[in-house]
Amino acid sequence: MNTADILLRGNVIFTGVEDEPMSGFIAIKDNQITAVEKDGNGDQYIGTSTKVYDFKNQLIMPGFHDAHLHLMLGSLFTDFSIDLSTATSSEEVVQKVKEFSRSKDDGEWIIGNGWDEGSWEDVSVPPNRKILDRHVPDSPVILFHAEGHYAWVNSKALEIANITRETSNPPYGDIQKDDNGELTGVLLETAVSLVSDKALLFPRERQYELMESFLKHAAKCGVTSVNDLYASRALAGIEDYEFYKEFEDQENLTVRVHLYPALDGDFERVKNLRKRYNSQKLKFTGLKQFIDGVITGYTAFMLDPYKDRPETKGETAFSPGQIKKWVVEADKEGFQIRFHAIGDGAVRLGLDAFEEAQNINGNRDSRHALEHIEVIHPEDIKRFETLGVIPSIQPSHLALMPSENHTSRIGEEKDKYAYTCKSLYEAAGNLAFGTDFPISPLDPIKEIYYAVNRMDYSGTRVWNEQERIPLASALKAYTSGAAHSVFRDHELGTLEPGKLADIVVLDKDLFSIPAEKIRETKVLMTIMNGDVVFEEKYTLLSN
C-alpha cells in the first residue's frame, strides 16, 4: 500500500457526497486524494515522511470554489485602493480620498471603490467632481461605486480622458450632466471605460504585486478554485491571461483559475484561447457577457417600468437580437455562456436566448449560466431545469446595501422574488455560489452565512425567509455546484478517492453551531493540489 504524503483525521469531515459529516480520515498522495474512509484512523497510510494532522471537531471539507469573481480587479480594490464602503456622506468620501492622496505622488492616479450614495446618512450633497476638485485638484481620481457599474471622477481625470460637455455618450453608457449641461463627474456603465482605460494601465511590477496579493488572500480564505469572469468594457484593461500563465509556468499559481473572456462575436480569438489555456490550474472554460446593469443605477433591464422612474424599464447592454445571435453562434461552437442578468427582463432574455440556441443547435450538456438573478418573474424559475441553466448566485449581495434601494425601485409585488435562492435550487437542482469579488469580499464564510440566514443590510431583518437553504446545500453550492458549473465535478468539488486534493479545514464545526455564529468561523488550513498553501500557526500536528 502506498503511504500518504498528508493524512487528515477528524470527527467532522464533510465530503460533499452526503449531507451529513462523518468521522474518519483522508489520505493524500502527490496531488490526489487516495483514500477517504469512515471511522478509521488511517495508520496504514503513514510512512516515515507522512504529515499527520488531527483536527478532531474542526470541519474538514472540499476547498471553496468561487464561481464568480474578477481576480486582478479584486486584488486592486482590496489592497491598492481606498475602501469607501464605510463612508456615510460625500464629505467623508472626500476626506478619505484626501488622506489617501498624501501617500501618492502628484499626478499619480488615485483609485477608490465601495461608495454607495443610497447608504449614506447624509445625502444632501450628491457625488460631484467639484467636491473632489476642492481637495485633490492635481491628481486624477476615479472612485468605483459599490456595484462596480458607475464611477465618480474629478476634473483632472476628465481632462486626461478628454471628456468635455460636448463628448457624446458611448453605447450603453452615460456621461452624467446637471441641469445646466455641466459634467457632474459621475459616469455610468460603458462611460466608465473612458477614464478607467487610462487609470488601470499598470506596469508589470504592479501586476505581480496584485497577483501575489490575490493568491495569498485566496489561500487564507480557503479558496482553491475561481471563475475569473470578464468584468465589463470599463475594466477589461486589467485582464491579462498570459500573465497568469507566467505564474503557472513558474509553479506559483496556488489557485485554479477558470477563464471567461468576453462573448463579443470574435470566435476565432476565443477558439485560440481555448487551445492555449487548458491545464489543471489554468483553464479556458467559457464566455461571459452583460445583458443589463444594476437596479440602483436604473440600468437593470426589467419587465415593467421602475416604480420611481416609470418612464424607463432600464435597457440591455446589446440589442436582444445581437444577444441571441451571439448565443446561437457560440453554442454551435461548443462554448459555455454566462450572462450577467440582474433584472427580471434580463433573466427572461437570457433564458430565451439559451432556449433559441437549444432549438436551433439541438440539446447538449451546455451548462450555460445566469449570474446574479436579483429579480425574477416566478414563471421563469422552472425554466432553469427545463433548459439546464445554472443559477450562479452571490448570497451576500442581498445585504450589500439597504433593501429599500431595491424595493423602492422594483415595487412591493416583486419583493418576494428578490435574491431568490431556495426556489432556484429546487427548480434547477443545483446552484453555484461566489462573491463577485471585489463587489463583496473574497470570503466564502460570509456567503454561506447569508445563504443560510438571509439577514439584510441592517442586520436586524430576514429578507425573504422562504429563500433560506440548508447548510449542506450552501456548502455544496460553493464546492461541487461550482465545480459542476465548469465541467469539473469529476475531479473537483467533493472529497473522494481519485479527485484532486483541494481541501479546506475550518476552526468550527458549522453543523453544530447556531447559524448566526457561522460568520465567526476562520480557516485553519488550505490544501490546493496536494500542497499546504495556508496554515494557521496553531494547527495541530502529530508525527
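Analyst: Happy to! For lining residues, Ala, Val, Leu, Ile, Met, Phe, Trp, Tyr, Cys and Pro count as nonpolar, Asp, Glu, Lys and Arg as charged, and the others, Gly among them, as polar. This is a predicted model, in which local features need pLDDT of at least 70 and side-chain atom pairs pLDDT 80 or more, while totals for chains, interfaces and linings use all residues. Residues are numbered from 1 along each chain as its sequence is written, and side-chain values use heavy atoms, without hydrogens or water.

A cavity is a set of points on a 1 Å grid over the protein atoms alone where a 1.4 Å probe fits but cannot get out, and its lining residues have an atom within 4 Å of a point. Points are joined across faces, edges and corners, and the volume is the space filled by probe spheres set on them. Four cavities of 30 Å³ or more are present in the structure.

The largest cavity holds about 80 Å³. Its lining is made up of D331, F354, A357, Q358, G362, N363, R364, S366, H368, L387, G388 and V389. Sorted by class, these are four nonpolar, six polar and two charged residues. Helix α10 (residues 344-361) provides the largest share of that lining, with three residues; helices (H or I, at least four residues) and strands (E, at least two) are DSSP runs, numbered from the N terminus.

The second largest cavity comes to about 60 Å³. Around it sit P62, G63, H65, T224, S225, T479, A483, L492, G493 and D502. Three of its lining residues are nonpolar, six are polar and one is charged.

Now for the open spaces. A pocket is an open set of points with protein on both sides within 12 Å along at least five of seven lines. The largest pocket has a volume of about 970 Å³. Among its 40 lining residues, D83, S85, S440, P441 and K446 are the closest to the centre. The lining divides into 19 nonpolar, 13 polar and eight charged residues. At least two lining residues come from each of α1 (71-79), β8 (110-115), α6 (204-220) and α16 (444-453), and α16 has the largest share, with four.

Two of those helices also touch each other. α1 and α6 pack with their axes 9 Å apart, at an angle of about 90°. Axes are lines fitted to C-alpha atoms over the stretch in contact, and angles run from 0 to 180 degrees between N-to-C directions. The two helices, α1 and α6, are therefore roughly perpendicular, a label for angles of 65 to 115 degrees. L71, M72, S75, L76 and D79 of α1 meet Q207, L210, M211, S213 and F214 of α6, where contact means heavy atoms within 4.5 Å. That contact includes six nonpolar, three polar and one charged residues.

The second largest pocket takes up about 660 Å³. It has 27 lining residues, with Q176, L188, G297, Y298 and R309 nearest its centre. Here the classes are eight nonpolar, 12 polar and seven charged. β11 (173-177), β12 (183-189) and α13 (404-410) each supply at least two lining residues. Strand β12 gives the most, with four.

Technical notes. Parallel < 35°, antiparallel > 145°, perpendicular 65-115°, else oblique.
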